Amino acid sequence: MSNTAEMTNSGSLPTSSPKVLVASDLDRTLIYSSAALALTMPDARAPRLLSVEVHESKPLSYMTETAAGLLAELGDLADFVPTTTRTRKQYQRIQLPGPAPKYAICANGGHLLVDGVSDPEWHTSVTERLARECAPLDEVREHMEATSDPAWLRKHRVAEDLFVYVVVERELLPEDWAKELAVWAENRGWTVSLQGRKIYAVPKPLTKSAAMREVARRTGATLTLAAGDSLLDADLLLAADRGWRPGHGELADVGWTAPGITSLPERGVAAGERILREFLREVR
């Protein structure tokens with residue numbers, strides 16, 4: 001074909017569309033528990049909901065039916081990568097609409113799933129870095145156990161031998177406990193995040209952004225989009241070319257923003273639908 005035939009009507013050479021990677025947090029970003037839906041409209045105007053997760057024979061997480069359609073469309077147009085702090089077992093309970101993602105990021109970046117299976121080389125590289133740069137997990141776990149009060153502590157969990165979280169009764173939790181834990185953890189290379197009834201202690205090098213960059217390298221993505229609501233998502237949003245956060249969550253509570261980040265007004269399940277519309281607008 002001649003150069004003239006290859007040129008567009010404007011006289012310039014055509015450019016190929018960018019290869020897009022969409023890395024999104026799940027809980028309270030794209031999917032919502034019944035307590036997090038924030039259905040503030042009259043009942044008769046509430047959106048139809050689709051259950052996307054069942055736990056112990058009960059529906060646990062939802063998205064609107066409209067959001068489900070948008071996600072299915074997005075999966076056909078871009079590399080969609082679920083990006084979560086959930087363990088692999090917790091993630092695998094979720095049944096998202098659309099094509100099955102080839103890649104998924106679990107345990108806040110500690111596991112990179114390829115066709116549902118953890119990449120052993122990635123996991124080994126992560127654990128070796130944590131051993132070099134952070135206080136041992138057992139030290140953090142023991143400190144959290146020693147300073148917790150049974151009056152407000154409901155569960156204490158170690159996730160994938162990578163990080164620790166506790167489930168608490170928020171109304172009984174002392175206001176300064178999480179803040180004091182954050183100061184203690186900071187000096188040991190760990191960070192603390194309060195998300196609903198869960199308080200996470202996570203090693204600083206254990207990040208969603210590092211795993212997202214690895215997936216972008218493998219897929220050849222030239223444009224990266226991201227969304228998230230918590231402090232553990234901030235690094236993911238900063239690493240992407242464009243990012244969105246909903247009107248609820250830790251980031252909204254502190255008014256966090258940065259160049260390339262859009263702060264949306266929507267809260268609850270409506271925010272999940274808006275985020276997917278924003279993703280699709282950019283992909284198209």
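Predicted model: local features only at pLDDT ≥ 70, side-chain atom pairs only at ≥ 80, totals over all residues.
Student: Why are H2 and H10 called roughly parallel?

Tutor: Start with the geometry. The axes of helix H2 (residues 65-77) and helix H10 (residues 269-283) cross at roughly 30°. Angles under 35 degrees count as roughly parallel. H2 and H10 are therefore roughly parallel to each other. Their axes come within 9 Å, and the crossing is left-handed.

Student: Which residues make the contact between H2 and H10?

Tutor: From H2 come Thr66, Ala67, Leu70, Leu71, Glu73, Leu74 and Leu77. From H10 come Glu273, Leu276, Arg277, Phe279, Leu280 and Val283. By class, the contact of H2 with H10 has nine nonpolar, one polar and three charged residues.

Student: What makes H5 roughly antiparallel to H6?

Tutor: Again, the angle. Helix H5 (residues 137-147) and helix H6 (residues 177-186) pack at about 155°. Angles over 145 degrees count as roughly antiparallel. So H5 is roughly antiparallel to H6. The axes of H5 and H6 are 12 Å apart. Their crossing is right-handed.

Student: Which residues of H5 and H6 meet?

Tutor: Glu139, Val140, His143, Met144 and Thr147 in H5 meet Trp177, Leu181 and Trp184 in H6. By class, the contact of H5 with H6 divides into five nonpolar, two polar and one charged.

Student: Which residues touch the most other members of the largest nonpolar core?

Tutor: They are Leu21, Met144, Phe163, Trp177, Trp190 and Ile199, in a core of 52 residues. Strand E9 (residues 163-168) gives the most to this core, with six residues. A second, separate core of 30 residues includes Leu30, Tyr91, Leu280 and Val283. Leu280 and Val283 also belong to the H10 side of the contact with H2.

Student: What does Met144 touch, leaving aside neighbours within four places in sequence?

Tutor: Met144 is in contact with His156, Val164, Val166, Trp177, Leu181, Ile199 and Ala201. Trp177 and Leu181 are also among the H6 residues in the contact with H5.

Student: Is Ile261 buried or exposed, and how do you know?

Tutor: Compare its value with the cut-off. Ile261 has a relative accessible area of 10%. Buried means under 20%. So Ile261 is buried. Ile261 is found in strand E14 (residues 261-263). Beyond four places in sequence, Ile261 touches Leu237, Gly243 and Trp256.

Student: Why is Thr224 counted as buried?

Tutor: Thr224 has 8% relative accessibility, so it counts as buried under the 20% limit. Thr224 is in strand E12 (residues 223-227). Not counting residues up to four places away, Thr224 touches Leu21, Met212, Ala216, Ala239, Ala240, Asp241 and Arg242. Leu21 is also one of the residues that touch the most other members of the largest core.

Student: Why is Met41 called partly exposed?

Tutor: Met41 has a relative accessible area of 27%, so it is partly exposed. Met41 is found in the loop between strand E1 (20-24) and strand E2 (49-55). Leaving aside neighbours within four places in sequence, Met41 is in contact with Ala46 and Pro47. The C-alpha atoms of Met41 and Trp122, 81 residues apart along the chain, are separated by 45 Å.

Student: How do you know which class Arg129 falls in?

Tutor: By the limits of 20% and 50%. Arg129 has 36% relative accessibility, so it counts as partly exposed. Arg129 is in helix H4 (residues 120-133). The C-alpha atoms of Arg129 and Pro205 are separated by 7.4 Å, though the two residues are 76 residues apart along the chain.

Student: What is the phi of Ala107, and is Ala107 buried or exposed?

Tutor: Phi of Ala107 is near 55°, a positive value in a residue other than glycine. Ala107 lies in the loop between strand E5 (103-106) and strand E6 (111-114). At 0% relative accessibility, Ala107 counts as buried.

Student: What makes Asp161 exposed?

Tutor: Exposed means over 50%. Asp161 has a relative accessible area of 68%, so it is exposed. Phi of Asp161 is near 55°, again positive in a residue other than glycine. Asp161 lies in the loop between strand E8 (153-159) and E9.

Definitions and conventions. Residues numbered from 1 in each chain as written. Heavy atoms only, no water. Axes fitted to C-alpha atoms, helices over the stretch in contact; angles between N-to-C directions. Helix = DSSP H or I, 4+ residues; strand = E, 2+ residues; numbered from the N terminus. Parallel < 35°, antiparallel > 145°, perpendicular 65-115°, else oblique. Left-handed = near helix turned anticlockwise from the far one by under 90°. Contact = heavy atoms within 4.5 Å. Nonpolar A, V, L, I, M, F, W, Y, C, P; charged D, E, K, R; others polar. Buried < 20%, exposed > 50% of the residue type's maximum accessible area, 1.4 Å probe, protein only. Core = buried A, V, L, I, M, F, W, Y, C linked by side-chain atoms within 4.5 Å.
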